[in-house]
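Please keep the sequence and the structure at hand while reading.

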Amino acid sequence: MARRLEGKIALITGAAGGIGMASAKRLAEDGATVVLADIDLAGAEAASEQIKGSAAYKVDLTDETAVKSLCEAVTARFGTIDILHNNAAIQNDAQRQTDLDVVNLDVAAWDMAMAVNVRGAMLMTKYVVPHMIAAGGGSIINSASGFGVQGEATLTAYGTSKAALIQLNRMIATQYGKQNVRSNCMVIGFVLTPMAVESTPDMVKDILLSHHLTPELGQPEDIANLVAFLASDESKFITGAAIPIDGGVTAHQPSYADFQKMFAAMGSGKL
């Protein structure tokens with residue numbers, strides 16, 4: 001039986017690790033030929049070595065010429081691009097330390113978040129969509145975040161950029177839907193990527209888990225499963241959507257975790 005993405009060409013940004021790498025592996029399992037793009041070429045190449053038939057390219061999403069060249073190189077080599085996963089985002093330690101509350105925010109951190117997270121996704125879409133239309137259609141999948149729909153004490157630039165990405169997604173879906181190009185957005189919660197596992201204290205993970213409606217925190221493969229679905233024709237009637245994939249964190253009242261603690265204490269007779 002043919003795999004559901006057999007013959008499709010998928011281009012994934014930020015694919016050197018984490019969700020991007022997991023998505024590349026999942027799409028390949030479903031039959032797609034995957035192209036892993038990242039500013040870290042060595043990382044993308046190392047990831048590509050784990051995926052038969054894949055290819056790795058370097059791209060700086062802040063450079064329009066580089067984005068255009070990437071899309072031209074991929075289409076010249078593989079013929080077209082059927083699936084675009086705008087996954088890349090700037091969220092390293094240096095960025096986080098300067099992406100603070102509005103008063104203390106480093107404007108350079110704001111500019112970088114917008115350049116990579118929103119402008120980069122826009123540029124990738126700009127240069128991929130014409131190839132999709134020429135080939136009869138395609139699917140664009142954008143990686144947004146819960147920070148784009150909820151406030152936070154810091155990460156002003158990151159959260160605002162992800163909110164903008166959610167709106168960009170709607171614009172793309174509206175503008176090209178009749179030409180059979182779909183665009184959907186995943187509103188991703190906390191996921192145990194290698195970076196998150198290493199940098200997040202267990203105490204913080206426990207607090208986050210208390211707000212999940214699922215018994216466990218998310219894994220990159222959980223996100224990759226949704227990417228594969230949105231890339232396939234099984235989701236052909238879904239476009240312009242912002243789909244929460246966060247273990248139910250955004251589905252409940254803010255008091256949920258506190259009430260759970262209270263009920264547990266009542267049941268144990270400690271209250």
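## Helix α6

In this predicted model, α6 is 21 residues long and spans 31 Å from its first C-alpha to its last, close to the 30 Å expected at 1.5 Å a residue. An α-helix has 3.6 residues a turn, so residues three or four places apart point the same way.

## Loops on either side of α6

Most residues other than glycine have a negative phi. Leucine 155 has a positive phi of about 55° although it is not a glycine. This leucine sits in the loop between β5 and α6. Leucine 155 counts as buried because its relative accessibility is 6%, under the 20% cut-off.

Asparagine 180 also has a positive phi, near 70°, and lies in the loop between α6 and β6. Is asparagine 180 buried or partly exposed? With a relative accessible area of 46%, asparagine 180 is partly exposed.

## Asparagine 184

Asparagine 184 belongs to strand β6. At 0% relative accessibility, asparagine 184 counts as buried.

In soluble globular proteins, nonpolar side chains tend to be buried together. The largest nonpolar core here has 37 residues, and the members that touch the most others are Leu11, Val67, Leu70, Met124 and Val128. At least two core residues come from each of β1 (9-13), β2 (33-38), β3 (55-58), α3 (64-78), α5 (107-135), β5 (138-145), α6 (156-176) and β6 (181-188). Which element gives the most to this core? It is α5, with 10 residues.

Not counting residues up to four places away in sequence, valine 128 touches Leu11, Cys71, Ile81 and Leu84. A second, separate core holds 26 residues, among them Ile12, Ala28, Ala47 and Leu226.

Terms used:
Residues are numbered from 1 along each chain as its sequence is written. This is a predicted model: local features need pLDDT of at least 70, side-chain atom pairs count only at pLDDT 80 or more; totals for chains, interfaces and linings use all residues. Side-chain values use heavy atoms; hydrogens and water are left out. A nonpolar core is a set of buried Ala, Val, Leu, Ile, Met, Phe, Trp, Tyr and Cys residues joined through side-chain atoms within 4.5 Å. Buried means under 20% relative accessible area, exposed over 50%, partly exposed in between (1.4 Å probe, protein chains only). Helices (H or I, at least four residues) and strands (E, at least two) are DSSP runs, numbered from the N terminus. Contact means heavy atoms within 4.5 Å. The expected span of a helix is 1.5 Å times one less than its number of residues.
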